[in-house]
Amino acid sequence: MTKLLNIASLAVAATAALHVKGPTGEPLYADEAGKLPVRIHLHGPGSRAYGAVESRQSARALKRMQDNDGKITAATQEERIAETAEDLAAITVSFENFDYQPEGASLSGQDMFRAAYADQGIGYITRQVTKFVADWGNFKAASKAA
């Protein structure tokens with residue numbers, strides 16, 4: 001009898017950690033010894049949080065079309081930045097070994113995530129997160145001992 005693959009064994013994890021790279025591509029660490037990786041913990045494409053973001057993106061696109069007499073219209077640069085920041089903040093679980101406090105601001109949680117992703121000066125982080133969450137392979141579940 002042929003043994004079948006139990007496809008459920010290939011389910012992805014709900015979250016994963018992205019090791020953030022600096023603008024020149026080097027992995028970032030919070031300490032000189034390189035023992036404290038700068039990471040962002042994210043909900044993946046198989047999670048409810050990610051599904052909610054996809055639904056919100058679809059609703060925005062439909063609304064934009066309705067507001068423009070059924071014509072497909074691109075978001076302005078400001079709208080795109082704000083929407084991307086909102087979406088990525090919604091799937092961010094936490095920042096590890098770093099925070100984002102521009103000009104002495106006191107931000108935390110979703111407000112801090114949103115502000116960081118909207119900051120074009122550190123846009124390389126936003127790009128990394130966008131690319132990371134689009135790849136299901138980054139959310140591969142840890143193997144289970146048989």
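**Exercise 1. Work out which residue classes make up the lining of the largest pocket, and which helices supply it.**

Start with the classes: the lining holds 7 nonpolar, 6 polar and 4 charged residues. Here Ala, Val, Leu, Ile, Met, Phe, Trp, Tyr, Cys and Pro count as nonpolar, Asp, Glu, Lys and Arg as charged, and the others, Gly among them, as polar.

A word on the source: this is a predicted model, in which local features need pLDDT of at least 70 and side-chain atom pairs pLDDT 80 or more, while totals for chains, interfaces and linings use all residues. Residues are numbered from 1 along each chain as its sequence is written, and side-chain values use heavy atoms, without hydrogens and water.

Next, the helices: α1 (48-67), α2 (77-90) and α4 (123-134) each supply at least two lining residues. Helices are DSSP runs (H or I, at least four residues), and strands are runs of E (at least two), numbered from the N terminus.

**Exercise 2. Find which residues of α1 are buried and which are exposed.**

Buried means under 20% relative accessible area and exposed over 50%, with partly exposed in between (1.4 Å probe, protein chains only).

Step one: Tyr50, Val53, Arg60 and Arg64 are buried in α1. They cover an arc of only 75° around the axis, which puts them on the same side of α1; the arc is that of the directions from the helix axis to the C-beta atoms.

Step two: on the other side of α1, Arg48, Ser55, Leu62 and Gln66 are exposed.
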